[in-house]
Amino acid sequence: MTKLVYMFDESKSGMKETLGGKGANLAEMTRIGLPVPEGFTISTQACNTYYDHDQQITGDLKEQVIDSLHKLEQKTGKKLGDPSDPLLVSVRSGAVFSMPGMMDTVLNLGMNEETVEAVAELTQNSRFAYDSYRRFIQMFSDVVLKVDSYFFEQHLEETREKKGYAADPELTAEDWKEVITGYKKIVRDHTKRTFPEDPQEQMFLAIQAVFDSWNNQRAIIYRRLNNIPGHLGTAVNIQSMVFGNMGDDSGTGVAFTRNPSTGEALLYGEYLINAQGEDVVAGIRTPQPIHTLKTEMPEVYQQFVETCNRLESHYGDMQDIEFTVERGKLFILQTRNGKRTAQAAIRIAVEMVKEGVIDKQQALLRVDPDQLNQLLHQRIDDSYELKPLAKGLPASPGAATGHVVFDSDDAELLSQSGKKVILVRPETTPDDIHGIVASEAIVTSRGGMTSHAAVVARGMGKACICGCESLKIDLKKKEFRVGETVVNYMDTVTIDGATGELMLGDIPMIPPELSPEFEMLLSWADEERSLGVRTNADTPEDAYKAREFGAEGIGLCRTEHMFMDAKRIPIVRDMILAGTVDERMAALEKLLPMQQGDFTHIFEAMNGHPVTVRLLDPPLHEFLPDKEELLVEVTKLQLTDPESPELKEKEQLLKKVRQLDEFNPMLGHRGCRLGMVYPEIYMMQAKAIFYAASSLIEKNIEVKPEVMIPLVGHVNELKAMRQVVVEAAELVAEETGKTVDYTVGTMIEIPRAALTADKIAMEADFFSFGTNDLTQTTFGFSRDDAETKFLQHYIEENTLPDNPFMVLDQEGVGKLVETGVQLGRQTKPSLKTGICGEHGGEKSSIEFCFKKGLDYVSCSPYRVPLARLAAAQATVRHKETVSS
């Protein structure tokens, strides 16, 4: 029989894949002697078996669960369902990778009409017993029986109002009995069955519900967002209950061993006296800062601090710890590596190196490259005089402006239509995950720094304010009030997650400043990595910004963007509309000094670093007016002013637009095909490059131009275009007396080029893989059509694991890249290779490039730090693989 269930004290370290993160950590904490309530873990394999058997619990699993339950009863001296000394348990999910709040939990399981009386007798606290029982009914009904928690909250609120109470702790035992009667009626009305009294039935129903929650909507969205595989399944942890709601000597809380927002090495967290854990995370009550526990329960606080230090030292990372105090005794319910902001991740990694806890290579692996984007965006301008409307807890740093929405579905719809929104809620729940993803920032009126909204926002790098109690939110009216000020749905607000301030309107923002820790981590990355990092830049501004972020050159300078300047468009159109070579040359002569100026400034910005200039790539019709709009203008003029010179001009333009019109422009007359038919265009661009380089050589400025021919599919295309570049270089050298050291290469972006790379390499000094177009031509996708019509459906249905335009398709497109590199180097062993599509700034694609022996990746300026870190991580992991 396959082992599917493990007691906490019989598990071994390194069983995370089997026990899930939570189960593995509970076992590990038990092993090192921490005060962990007894329990057992049902493995992830059992979850997958459950789905393999049409979502039915097998006989093997039932037998092993019951056997483990008996062992738990022996360890605790209590028995599930015993009317004299009942065992109560929690049933919690526990995925391999942390998915906070995405799956389901049931607390106080084992309570019924008999055991609640036993708990009241044993604790001499009837109020506690019946409060625990009503909590169990509400949670079990919501999670297992699928009765929305709203109905129970509504009933509880009505009871409080009827009795004149302001808060739950005021309800007596008799009040709770009355609430329980109402709760059970709600269950009957909605399920047409009575609430289950048999504790074993409760337990197996709860296990089934946790397994089912692996595939609930919020869990699926979270996995997709965080690239967590869907086949892993979740473990289920069944653990004897300890109670934080037994009076003023009890409590519950969540704490981080360091500040998850800033990374500061201080204990950070919150707790509630006389409460259960869900109260803290759900944000129903606003908790107290953890440091005040030192006054409330000094001995417990000291023990907790020592435990936190021990856990951080044991795991070598910042820990997120859930704890409960039951009648003055501390219990640790969970520990895991804590979610943190990018700012905190970097500071923690760097400081732990300084503390000797980890080494530099471990520090590099501690920071997710995707997180760095959080640090490279704007913040509120310090010089602007702020007038905060409200202030809450600074739950996740960052600044954001957007339209106020009160519903996650609205947030998602508006975001899809291009609107920037800020989600405002009393508190968020795991069901709001899609709204949080869609929003620029989140604001809640309840909850603390460890509430659901705060934890999820920090993990996503979104600004968040929690516990903003001055906001009086009316979800029905879609408005919130602060004093006399009313803010309505779709009004614009700005928030600062670092200060907790909310302001009306759109507040000016300024660029970010990089911390010393950030610079230090990237310097360690540069020491480690062997893969070069360049940037895609078409302007001096982008080039300077990329250099500031550590780019080692330009891997793609797109010249067509220079032609789009409003002052140049008329000259470009003259070139396109030219009826003869002489007319075209006249237009090109006007463009040449403009192009020369462009290249001069970009070469200056890169100051001796290589610059790969791609000659004109798009079809010529892109520089002309839209055909439909032009047709409307011509028709209007024909009706209103048929003799006007403007009409003749527009008719001529329309005629040319129609001549250049293509059924499939992406595969039409573009790239090197333009240069083959109109070599004078490429000649002008090449001369502009060499004039610019010569002028800078005159000033003793080093220049390294690399001329790239786009869309080559046959070696003869590259051979002809290379000759154009060579002739241009010779002409300029003869005229200026300056010899420019340059190279000529090609962009590999259609499959034939990759498959015949050995021949193409005969005419190329370098290959740059244009993975955007290579993905289109390999899949046969038109990107714009695919992404708007069917690609999202493919991803949701797991037809494709990722959007191949965002994450390199290593199996198909990647194989062409690998083939191109291998064949090219067969011809020229020293052939330089890189990629310059969007994949050059995506971490898994960067690792692929490293493994396949490319020399560099090129990405947008703001993704350069990400690429530097990802390239270093690839090197470290490769070393680990080799050493193992």
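The model is a predicted one.

## Aromatic rings

A pair of aromatic rings is described by the distance of the centres and the angle of the planes. The structure holds 18 aromatic pairs. In one of them, the planes of Tyr150 and Phe151 meet at 70° with the ring centres 5.6 Å apart, so the pair is edge-to-face. Tyr150 has 48% relative accessibility and counts as partly exposed. Phe151, at 30% relative accessibility, also counts as partly exposed.

Phe256 and Tyr268 likewise form an edge-to-face pair. The two pairs are set out below.

| Aromatic pair | Centre to centre | Angle between planes | Arrangement |
|---|---|---|---|
| Tyr150 and Phe151 | 5.6 Å | 70° | edge-to-face |
| Phe256 and Tyr268 | 6.2 Å | 65° | edge-to-face |

Phe256 belongs to strand S8 (residues 251-256) and Tyr268 to strand S9 (residues 268-273), so their pair ties together parts that are 12 residues apart in sequence. Are Phe256 and Tyr268 buried or exposed? Both residues are buried.

Elsewhere, Phe779, Phe781, Phe790 and Tyr794 are linked by ring pairs into a cluster.

## Charges over rings

Lys478 places its charged end over the ring of Tyr489, at 4.5 Å from the ring centre. Another lysine, Lys3, lies over the face of Tyr6, and the distance to the ring centre is 5.0 Å.

## Helix H4

Helix H4 comprises residues 115-123. Its buried residues are Thr115, Val116, Ala118, Val119, Ala120 and Thr123. Gln124 follows H4 and has a positive phi, near 55°.

## Cysteines

A disulfide is a covalent bond between the sulfur atoms of two cysteines. How many disulfides does the structure hold? The number is zero. Cys836, for example, takes part in no disulfide, and the nearest cysteine sulfur, that of Cys849, lies 11 Å away. Cys836 is buried, with a relative accessible area of 4%. Cys849 is buried too, and its relative accessible area is 1%.

Notes
Residues are numbered from 1 along each chain as its sequence is written. This is a predicted model: local features need pLDDT of at least 70, side-chain atom pairs count only at pLDDT 80 or more; totals for chains, interfaces and linings use all residues. Side-chain values use heavy atoms; hydrogens and water are left out. Rings of Phe, Tyr and Trp (its six-membered ring) pair if their centres lie within 6.5 Å; planes under 30 degrees apart count as stacked, over 60 as edge-to-face and the rest as tilted. Buried means under 20% relative accessible area, exposed over 50%, partly exposed in between (1.4 Å probe, protein chains only). Helices (H or I, at least four residues) and strands (E, at least two) are DSSP runs, numbered from the N terminus. A charge sits over a ring if NZ of Lys or CZ of Arg is within 6 Å of the ring centre and within 35 degrees of the ring normal. A disulfide is a pair of cysteine sulfur atoms within 2.5 Å.
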